[in-house]
Amino acid sequence: MAISSVLPVSPDYFSDALQLSMLANLSQHGWSQHRLFLPETLRMLLAAECGSLAASGALKPAGVGRTALLTLQPAIRGDQILWLNPGQSQACDDYLAIMESLRLVLNQHFYLGLEEYESHFAFYAPGSAYRQHLDRFRDDDSRTVSVVIYLNQDWLSEQGGALRLHPQGLASQDVLPTGATMVLFLSAEMLHEVLPATRDRLSLTGWFRRRR
Ligand code: OGA
Ligand code: MN
């Protein structure tokens, strides 16, 4: 049986209102946040896929640094990840198609020359965290815009697990990791961290890259 896409992805997936608030927030504050960014059916399918990948042992401890220099430092970074490849599942392909439209929108408005998108599932078991960091590597400045989409549902703030952003000169901002909320920020500038949670925390994280 052919599995069909759960959504029609067209260039106008992004409403004018969403584009306006996203672009204004990104240029004024260096980050932007949107609730219910994915259709609920797609959020559920991606959450189920991430959960079963975690249960089957397909996710691997994430390292710190770039491929050749990568080291495992669970006290600094405790998530487990799986990089996405096209064709891995219909839900992942639908997500990648949405991110491709987002790449075009960002390029249209900011002339960033974003050429590629790389993305992984991330699973934080209870107690695991990711200490304060920037997403751009010291020896590779191609990562330009970071995107995180949260796949859990019904998250309570007392369960922890917030993404804490540290915008320069402003108070820190916490984003609850739930409900297909999407956060976008500038990879080279925004210091951020993931606080430990009391329950499993599922997300998709990705980076739009310029040519190296
Ligand atoms: C990362 C990261 C944030 C989050 O993977 O680099 O900072 O909220 N993730 O999961
Ligand atoms: Mn990060």
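A polar side-chain atom of His-192 lies 2.9 Å from an oxygen atom of ligand 1. Taken alone, ligand 1 exposes 290 Å², and the protein buries 99% of that area. The model is a predicted one, and in it the space taken by ligand 1 is the largest pocket, which holds about 930 Å³.

**Polar contacts to ligand 1**

- Tyr-150 places a polar side-chain atom 2.5 Å from an oxygen atom of ligand 1.
- Asp-135 likewise has a polar side-chain atom by an oxygen atom of ligand 1, in this case at 3.2 Å.

**The shell around ligand 1**

- The residues that surround ligand 1 include the three contact residues Asp-135, Tyr-150 and His-192, together with Arg-77, Tyr-130, His-133, Val-148, Leu-163, Val-194, Arg-201, Thr-205 and Trp-207.
- Strands β5, β6, β10 and β11 each supply at least two residues of this shell, and the largest share, 3 residues, comes from β11.
- Sorted by class, the shell comprises 6 nonpolar, 3 polar and 3 charged residues.

**The largest pocket**

- The lining of the largest pocket is made up of 44 residues, of which Gly-65, Arg-77, Tyr-130, Phe-137 and Arg-143 are the closest to its centre; Arg-77 and Tyr-130 are also among the residues surrounding ligand 1.
- At least two lining residues come from each of β2 (60-61), β3 (80-83), β4 (116-124), β5 (130-133), β6 (143-150), β10 (191-194) and β11 (201-209).
- The largest share of this lining, 5 residues, is drawn from β11, the strand that also gives the largest share of the shell around ligand 1.
- By class, the lining of the largest pocket divides into 19 nonpolar, 11 polar and 14 charged residues.

**The second largest pocket**

- The second largest pocket has a volume of about 150 Å³.
- Its lining consists of Leu-84, Asn-85, Pro-86, Leu-96, Met-99, Glu-100, Arg-103, Glu-115, Glu-116, Tyr-117, Glu-118 and Ser-119.
- Helix α3 (90-110) and strand β4 each supply at least two of the residues that line the second largest pocket, and β4 also supplies at least two residues to the lining of the largest pocket.
- In the lining of the second largest pocket there are 5 nonpolar, 2 polar and 5 charged residues.

Note on methods. Residues numbered from 1 in each chain as written. Chains lettered and ligands numbered in written order. Predicted model: local features only at pLDDT ≥ 70, side-chain atom pairs only at ≥ 80, totals over all residues. Heavy atoms only, no water. 1 Å grid on protein atoms, 1.4 Å probe; cavity = no way out; pocket = protein on both sides within 12 Å on 5 of 7 lines; lining within 4 Å. Points joined across faces, edges and corners; volume = space filled by probe spheres on them. Helix = DSSP H or I, 4+ residues; strand = E, 2+ residues; numbered from the N terminus. Nonpolar A, V, L, I, M, F, W, Y, C, P; charged D, E, K, R; others polar. Near = heavy atom within 4 Å. Polar contact = N/O pair within 3.5 Å; in protein donor to acceptor, adjacent residues only side chain to side chain. Areas by Shrake-Rupley, 256 points an atom, 1.4 Å probe, with all protein chains shown as cover. Sits in = over half its atoms within 2 Å of the grid points.
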